[in-house]
Amino acid sequence: MFRSYFKIAFRNLIKNKGYTFINIAGLATGMAVALLIGLWIWDEVTYNQYHKNYDRLAQVWQHNLYNGVKRSQVSNPYVMAEEIRNNYGSDFKYVIQSTWNFGRVLTVGENKFNKSGMYWEPQVLDMLSIKLIYGTAEHALKDPYSILLSQTVAKTFFNDDDPTGQMVRINNKTDVKVTGVYEDMPHNSKFRDMSFIMPWELYIIESEWIKNMDDPWGSNFTQTWVQLADNADLELVSAKIIDVKLNKVDEGGRKYKPEVFLHPMSKWHLYSDFKEGKNVGGRIEFVWLFGFIGAIVLLLACINFMNLSTARSEKRAKEVGIRKSIGSMRSQLINQFFCESVVVALLAFVVSLGLVYLALPTFNEVAGKKLTLLWSSPIFWLVGLGFSLFTGIIAGSYPALYLSSFQPVKVLKGTFRVGRLASLPRQVLVVLQFTASIALIIGTIVVFRQIEFAKDRPLGYERNGLINVYLSTPEIHNHFEAVRNELKSLGAITEMTEAGSPTTQVWNSNGGFNWNGKDPALAVDFPNNGVNHEFGKTVGWKFTAGRDFSREFASDSLAFVINEATAKFLGFENPVGETLTWNETPYTIIGVIQDMIIESPYEPVRPSLWHIDRDDNVNLAIVKLNPDMSSHDALDKIKTVFMKHDPASPFNYEFVDIEYARKFSDEERVGKLASFFAILAIFISCLGISGLASFVAEQRTKEIGVRKVMGASVVNLWGMLSKDFVLLVGISLLLAMPLAWYIMYNWLQKYQYRSEIAWWIFAASAVGAVLITLLTVSYQSIKAAMANPVSSLRSE
């Protein structure tokens, strides 16, 4: 029986090649989109699941009240891990700490590279799934002067040889022994950029300032990680440790009302956003968004199949009538039509795999992923088969039920007509198709407009021609004036400065500030940056009051330049000349600058301040290239001078405008992917309309012939055949516009600095949708209108 079903299905597909092509092309495109999105979603939801203890791992976070706002942070005092171990040890299997992912210059012989890695306590090898290729976990981090290298880094230095026992120099200062090599972490892992692991004990040895801290609970600079005991409940344990820090800080620290909690590994990637101390989601929004888009695009493709199958109902009516008259039951006919749709879906799945294979490199580049098709995985093929069957059943459900319902008596007597209302379901489905497509287009435009709106926000400084040169040794700092003067004399730069943080990130923030009129109960935390006197001239910040730092004033060593947000927060009518005390040391405010966009361009600027660095705590040089010299030539000269004074370090730089552009990466990625899927949705919808237009033109061939004989022009006939489709698109616009406005309005609310949804977005989408429809329909309409009426009327 099923053999007969499939044989008839293939015959029908071959007989109607045009409709078969449209159905397979539409379904294949929809299935390819669903597969791409499915691979992307799988990569997202399995993030970090590489680790065997995934469901028992967590990170220690804090909520603190900063400047009247409850903020969440991942950094902790370095004594946090020990305190939790000592007082709550029964709830945890491991409690360890680490640094952030630091950049270090690794040197082996003449080879030197800047790589990023972390200092960990030894238990990290038991907590995380770090698979050693060389070395043993028992001895890998036992020696404080040891290092584990990732497989890629080990190959860079030692090819495929076993490097254990070899020496590596760190920052041209510390020699460590390679005690192991571990497999590279997967791309969908939090630790994918961890190129090396060194012992926590070595970090303490290198950081003399830690031993000299007056208040070990007053500074947050480490990360704390835990593995829960087998019988421990995360929520209960998190509630237990909430006051760990509050019980240890002094009176000033209690003003921040610190609350310690556990953030599970299962939420690190998808639920990383906090607002006022509550988890408000994160990338999970993108997962839901793209999952919804994938389902919609696949549904559009299924609608094409439904529409074309039911539109051709009169051509299948006699077949149904004859089958029923010789004894076929309706269930058998339903099975027949389902077999046809499943065959189309299976063929479309094969084509979609080819489309995905071709699209993956570009898709990975846009999405920032390393996705692959799992050709060798039986599970992949089982899921693919199930996906094809599901698609075939969804696409074939309405046609199967509709076609199998025909009455054989009416069909065989020739009195069967589909009637005017028979096309209503098809019209509804077309409206749904274009409603979804138009809503996607409007949403894409709003996303890109929001990105451009944020990009046009005044920066408060000049980023063009500005580069950050990251310093791994103190050599450039020690020879700053010589380097600066030499580069200026070569004409490569106009100015150069040093800083503790770049202009695109906050690397340091502090409390301990007081001023006249401050509420004693207010806990403050201001981002601050230690710079030298040339900072303002280099970055081109803009003053609204006061002056810049100057070497002419020795008092500037105890001076602040503040931004407008700080001036407003302090409440001074004229802040220049006012005193701001920091840890009992009075500083004079000498200038107020326009707010600089250092953090998110979508959020308000935080109160921030700058001061002259007095502790040699600089991490980078900021250089302003000479616009009269090509960037290539200027960078060559800068590299030569830097390497002359610091030959042990690679020249590690980045353009500030490129760093700033990364702040828009998530939104731009969403916009590019959404526009890509919107274009495919329109393509699928147009395929369907093209097929329907062809069918309508074929159905009305004699009518067109009569009208042409009676004097109707090609334009008249084109308008007659096109108006019904334009009307459907008009209805779609009426539905899509308020729907898109509602969704995008709510999406914009998460940005405090946001664009408005302009009327022209809807107007442009409407014009575009109508034009696309007319272009799609016109080919079939004009082809029918220009046909010779003799051919269609000779049988009358």
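The salt-bridge count for this structure comes to 23, a salt bridge being a side-chain nitrogen of Lys or Arg within 4 Å of a carboxyl oxygen of Asp or Glu. The model is predicted, so local features need pLDDT of at least 70 and side-chain atom pairs count only at pLDDT 80 or more, while totals for chains, interfaces and linings use all residues. Residues are numbered from 1 along each chain as its sequence is written, and side-chain values use heavy atoms, with hydrogens and water left out.

One of the salt bridges is formed by Asp 43 and Lys 369, whose closest N and O atoms are 2.6 Å apart. Asp 43 belongs to helix H2 (residues 17–45) and Lys 369 to the loop between helix H13 (330–367) and helix H14 (378–403), so this pair links distant parts of the chain, 326 residues apart. Helices (H or I, at least four residues) and strands (E, at least two) are DSSP runs, numbered from the N terminus. Asp 43 is buried at a relative accessible area of 11%, and Lys 369 is buried at 9%; buried means under 20% relative accessible area, exposed over 50%, and partly exposed in between, with a 1.4 Å probe and protein chains only.

A salt bridge also joins Lys 488 to Glu 495, with 3.6 Å between the closest N and O atoms. Lys 488 is partly exposed, at 34% relative accessible area, whereas Glu 495 is buried, at 7%. Through shared partners, salt bridges connect Asp 43, Glu 44, Arg 283, Lys 369, Asp 666 and Arg 669 into one network.

Arg 85 and Glu 121 form a further salt bridge, their closest N and O atoms being 3.3 Å apart. Arg 85 lies in helix H3 and Glu 121 in the loop between S5 and helix H4 (124–127), so the pair ties together parts that are 36 residues apart in sequence. Arg 85 is partly exposed, with a relative accessible area of 32%, and Glu 121 is buried, at 12%.

Strand S5 also takes part in strand pairing, which requires at least two DSSP bridges between two strands. Strand S4 (residues 102–108) and S5 run antiparallel and are joined by 7 bridges, with Val 105 opposite Asn 114 in S5. The hairpin of S4 and S5 has 2 residues between the strands, and Gly 109 there takes a positive phi near 60°. S5 runs parallel to strand S10 (residues 196–199), to which 3 bridges join it; Tyr 119 stands opposite Met 198 in S10.

The whole structure holds 45 aromatic pairs, counted where rings of Phe, Tyr and Trp (its six-membered ring) have centres within 6.5 Å; planes under 30 degrees apart count as stacked, over 60 as edge-to-face and the rest as tilted. Tyr 78 and Phe 221 make a tilted pair, 5.9 Å centre to centre with 35° between the planes. Tyr 78 lies in the loop between strand S2 (69–73) and helix H3 (80–88), and Phe 221 in the loop between helix H7 (208–211) and strand S11 (223–228), so the pair ties together parts that are 143 residues apart in sequence. Phe 221 is buried, at 11% relative accessible area.

Trp 120 and Trp 225 are likewise a tilted pair, at 5.2 Å centre to centre and 35° between the planes. Since Trp 120 lies in strand S5 (residues 111–120) and Trp 225 in strand S11, the pair ties together parts that are 105 residues apart in sequence. Trp 120 is buried, with 1% relative accessible area, and Trp 225 is buried, with 2%.
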